[in-house]
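Hi everyone, thanks for making the time this morning. I'd like to walk you through one model, starting with the ligand and then moving on to the protein around it. Here it is on the screen.

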Amino acid sequence: MTKTIVLTGITTTGTPHLGNYVGAIRPAIAASKDPSVAPFYFLADYHALIKCQEPERIRLSSLEIAATWLALGLDTSNAVFYRQSDIPEILELSWMLSCVASKGLLNRAHAYKAAVADNEQSGENDADKGITMGLFSYPILMAADILLFNVHKVPVGKDQIQHIEMARDIAGRFNHIYGEHFVIPEAVIDEHGATLAGLDGRKMSKSYNNTIPLFEPEKKLRKLINKIKTNSLEPGEPKDTEGCTLFSIYKSFATPAEVTAISQRYAEGIAWGEMKQVLFEHINEHITPARERYEALLNAPEHIEQQLQEGAEKARAISVPFMKELRKAVGISRIFP
Ligand code: TRP
């Protein structure tokens, strides 16, 4: 059986929150147990440098993200779980790709264009003010992450589709010049809209500062859930589940039968205070076993490091020979023998 190679990178700049869990981590961990899939999951720490220049934050985030994925039961006997910076071939490939990617293609990248537009709007003379080469060539680094492992499918949010298109474009150019070396990857977009609402009702996101960290200790979790915005309907008044943040979060953690039961209580006018209690208990129960494993892992970072080293070894068993092939293809190799 040839397995489908699936790859995803997690930028190491933050602490995983419930939105990351529902939208990305939970489905990725489920996929790690699927024998027809060969998943590659990695900590994108070189990507983190593009937007974060606080070493301590990147260090801590890498630790928290790795501990989170392991605590949630990532199957590392099937998935290759590694740190980007442990695979030097990614940077090497990145340069080769830079030499075939057209600058015009990268000029059109959303993240770069948005930064230029910000400068223009603020009346800045230099449209590139404050924009690093890292931000500009971000899509090339991402293409290298993907192409190095001949990935078939890349699950992404809508904001990342353009990057996959660029990876396809760059792979096509390379193949055209040097022969068929790369698989052309496909983006897989989650259309089921597995985005979670945050404290203020907008999409849960670090940039909105409205997140609930996944493994927040019990007391803090309760406090945060109590902060979720609701409307001002009184206890006993029938309430709409549609557009209700408490309900939408509950739904992401509940079975269809539980959702039906809660909908009934909305119709009967459940008080917001009570619904918050229900939601807290539900989530807390769901995550407590993993939170215990998470805390144990944070206290034993050597186990986490061990897993990452094993992952890097598996990844390099592929990347080292492939890079050798690519070097040869472009004409960089020993003259003798
Ligand atoms: N850029 C992605 C993000 O911000 C993270 C990432 C880096 C990635 N390399 C990747 C995702 C390769 C998929 C494939 O979410």
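Helix α7 gives the most to the shell around the ligand, four residues. Keep in mind as we go that this is a predicted model.

The ligand is surrounded by L7, G9, T11, F42, A44, H47, Y138, M142, D145, I146, V154 and Q160. What is the make-up of that shell by class? Seven of the residues are nonpolar, four are polar and one is charged.

Now, which side chains have an N or O atom facing a ligand nitrogen at polar-contact distance? Start with Y138, where the side-chain N or O atom is 2.6 Å from a nitrogen atom of the ligand. For D145 the corresponding distance is 2.8 Å, and for H47 it is 3.4 Å. As for how covered the ligand is, taken alone it exposes 360 Å², and the protein buries 86% of that.

As a general point, nonpolar side chains in soluble globular proteins tend to be buried together. In this model the largest nonpolar core has 51 residues. If you want to find it on the screen, look for W69, I212, Y266 and I283, the residues with the most contacts inside it. Helix α12 (272-298) contributes the largest share of this core, nine residues. Other elements that supply at least two residues each include α1 (18-32), α3 (55-71), α11 (256-267) and α13 (301-330).

Most residues other than glycine have a negative phi. N150 has a positive phi of about 45°, and N150 is in the loop between α7 and β4 (153-156). N209 has a positive phi of about 55° and lies in the loop between β5 (186-189) and α9. Is N209 buried or exposed? Its relative accessibility is 69%, so N209 counts as exposed.

That's my tour, and I'm happy to turn the model around for anyone who wants another look.

Terms used:
Residues numbered from 1 in each chain as written. Predicted model: local features only at pLDDT ≥ 70, side-chain atom pairs only at ≥ 80, totals over all residues. Heavy atoms only, no water. Near = heavy atom within 4 Å. Polar contact = N/O pair within 3.5 Å; in protein donor to acceptor, adjacent residues only side chain to side chain. Areas by Shrake-Rupley, 256 points an atom, 1.4 Å probe, with all protein chains shown as cover. Nonpolar A, V, L, I, M, F, W, Y, C, P; charged D, E, K, R; others polar. Core = buried A, V, L, I, M, F, W, Y, C linked by side-chain atoms within 4.5 Å. Buried < 20%, exposed > 50% of the residue type's maximum accessible area, 1.4 Å probe, protein only.
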